[in-house]
Amino acid sequence: MPRRRTDHLTVAAVVLALTVGAGLAAGAILRPGPRRPPDSAPGRTARRSRFGSYQVAGRTVTIKAPRSRIFQMWRDPQRLADFMQDLSDVQVSGDQVTWVIDGPSGRFAVETRLVEDRENEALAWRSVDGADIDIEAKVQLRDSTAGRGTEVEAHVAWRPAAGIVGQWAATLRGADPGMRGKQELKRLKMLLETGEIATSDNRPKDSGKAL
Amino acid sequence: MRALTWHGKHDVRVDTVPDPQIVNPRDAIIEVTATAICGSDLHLYDAVIPGLLPGDILGHEFMGRVVETGPKSTLKKGDRVVVPFTISCGACFFCTQGQFSACDNSNPVEKQEASELMYGHPMSGLFGYSHMTGGYPGGQADYVRVPFSDVGPIVIPDGVPDEQVLFLSDILPTGWMAAENADIQDGDTVAVWGCGPVGLFAIQSALLMGAEQVIAIDHYPHRLDLARGLGAKVIDFKQTHVLEALMEMTGGIGPDAVIDAVGMESHGFAPDNLMDALKQKVGIGADRAHALRMALLAVRKGGRVSIPGVYGGLADKFPLGALMEKGLQIRTGQTHVQKYTRELLDRILEGEIDTTFLISHRLSLEDAPTGYRNFHGKQDEWTKVVLTPGAAKGV
């Protein structure tokens with residue numbers, strides 16, 4: 001009877017799949033491979049996504065502009081809020097920088113302190129003690145190969161936690177912070193290379209960020 | 001304004017939509033005086049290119065008069081311009097290399113993810129095409145917002161009719177780049193699959209670049225006639241074994257270069273093509289690559305393969321072995337239109353290139369849906385449709 005035969009085949013296939021799957025899983029657990037020496041790739045491209053208790057995301061974009069021009073833009077982060085879509089405001093007071101971020105689940109602020117300031121090379125901000133989240137963000141500038149401009153590398157490391165922060169971290173994961181960060185870097189690139197940010201809208205937006 | 005909008009497979013309509021406005025400093029607004037339906041619009045009409053949304057304005061071959069300029073535009077009100085279908089910033093690494101269709105800065109950031117996933121990298125913005133290339137409203141409309149108007153549009157001297165220069169927007173440079181990509185040497189034999197507008201312009205360009213013999217392959221008698229008129233020999237694949245014929249017509253060597261001006265919707269009843277057609281119908285992103293497979297088998301050892309035909313997804317049964325074992329070179333890509341417009345305009349003005357021979361029908365924009373239906377369904381007679389905005393229906 002064709003129908004029973006199909007059933008038998010299905011059962012056999014499922015059993016086979018489970019057996020093979022379990023075997024592979026057991027093999028992976030019982031016989032871990034030898035520890036590999038590190039390669040040349042940046043850590044955030046590793047197959048693992050956690051570094052100790054931190055999660056890491058970051059991107060690199062090459063911008064045809066001198067390092068000093070890009071550095072000035074980051075050194076005065078209020079200018080970033082003019083075009084970065086997730087950044088609604090930045091308040092600067094000395095070394096203290098408060099980033100007001102429009103996340104998909106609402107607006108929140110992260111208080112940070114400038115912890116690294118190497119002219120035309122690197123800037124880093126770390127959340128202050130008692131902030132809602134434990135996070136560090138860093139921007140590094142390098143001359144590109146073949147004179148193509150400046151490689152701008154931005155990355156963020158944060159410690160997922162409970163409460164509102166955990167919620168934010170979960171949101172970040174869902175929204176892929178690496179991707180969102182890359183999009184913001186590309187907007188920066190467009191602005192510096194062409195003086196505007198490309199849009200296919202046929203009319204200016206009434207609200208939002210106009211240049 | 002009035003515009004031709006896409007609503008799904010084989011469903012295009014002329015709707016009234018809001019007029020465009022200046023958005024960015026380098027923008028200009030063009031009042032369209034002539035626009036054409038392109039073979040690649042038929043890929044959209046057939047819904048085989050991903051990333052189109054209902055209501056999108058189609059059209060990427062257009063020209064017109066400048067009616068408004070942003071503060072950083074270099075155009076002047078009243079300038080007559082042809083607008084390249086590729087939107088390019090002119091400043092990024094790729095634009096400065098002349099690779100305008102690879103522009104980094106014209107495809108809006110939020111639209112880049114899909115093509116990055118599918119192709120590894122996002123390409124430039126294009127007018128009237130997929131949202132993977134920006135979803136920019138197209139030129140089959142009364143007005144178009146043209147970004148980076150200081151880079152793309154080429155100003156046309158008064159007194160030159162629209163029809164002589166309209167095709168600088170896409171198909172003429174596309175045919176020219178196809179021939180350039182075939183790296184033609186004096187005395188070469190070049191085989192061209194597809195005698196649509198791009199194929200015909202590729203034939204014309206190949207002869208200008210020094211090909212001694214061009215062999216055109218199609219199955220529409222009228223299109224083969226047009227190819228013959230340009231000086232090509234022709235093969236009708238409905239009555240001739242193409243591979244055998246190409247070998248016999250080249251002394252058993254094979255063409256030195258081959259040009260696939262067919263792309264992803266190959267015609268014909270070869271078994272591989274029928275399987276591809278089925279897969280395309282059920283929507284698993286397969287391109288019908290029959291013409292390209294034939295071209296790879298036909299081209300001589302160490303020969304050159306140029307692909308102006310549009311592909312968007314994946315192909316299987318691809319003769320990778322022929323490519324490697326015969327040591328072939330492939331060059332392809334969306335056209336770097338801005339790289340060619342100046343030179344080709346000069347050749348038109350000098351009378352060296354005629355572009356009007358392939359226009360078969362002239363319609364009002366209001367009749368654009370009829371144009372699509374016939375350009376799609378009656379390819380033998382309907383070789384190229386030029387639309388005029390503002391004219392009454394039926395004119």
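Start by colouring chain B by domain: domain 1 covers 2-170 + 335-388 and domain 2 covers 174-332, with bounds from an automatic or database domain assignment. The model is predicted; local features need pLDDT of at least 70, side-chain atom pairs count only at pLDDT 80 or more, and totals for chains, interfaces and linings use all residues. Residues are numbered from 1 along each chain as its sequence is written, while chains are lettered from A and ligands numbered from 1 in the order in which they are written.

Taken over C-alpha atoms, the centres of the two domains of chain B are 25 Å apart. Next, select the boundary between them: 20 residues of domain 1 of chain B are in contact with 18 residues of domain 2 of chain B (C-beta atoms, placed from the backbone, within 7 Å). On the domain 1 side, helix 1 (39-45) and helix 12 (337-349) of chain B each supply at least two residues; helices are DSSP runs of H or I, at least four residues, and strands are runs of E, at least two, numbered from the N terminus. Helix 1 of chain B gives the most, three residues.

Strand 1 (residues 2-8) of chain B joins strand 4 of chain B over two bridges. Show B:Thr5, which stands opposite B:Ile57 in strand 4 of chain B.

Finally, display both chains: 19 residues of chain A are in contact with 27 residues of chain B.

Terms used: Contact = placed C-beta atoms within 7 Å. Pairing = 2+ DSSP bridges.
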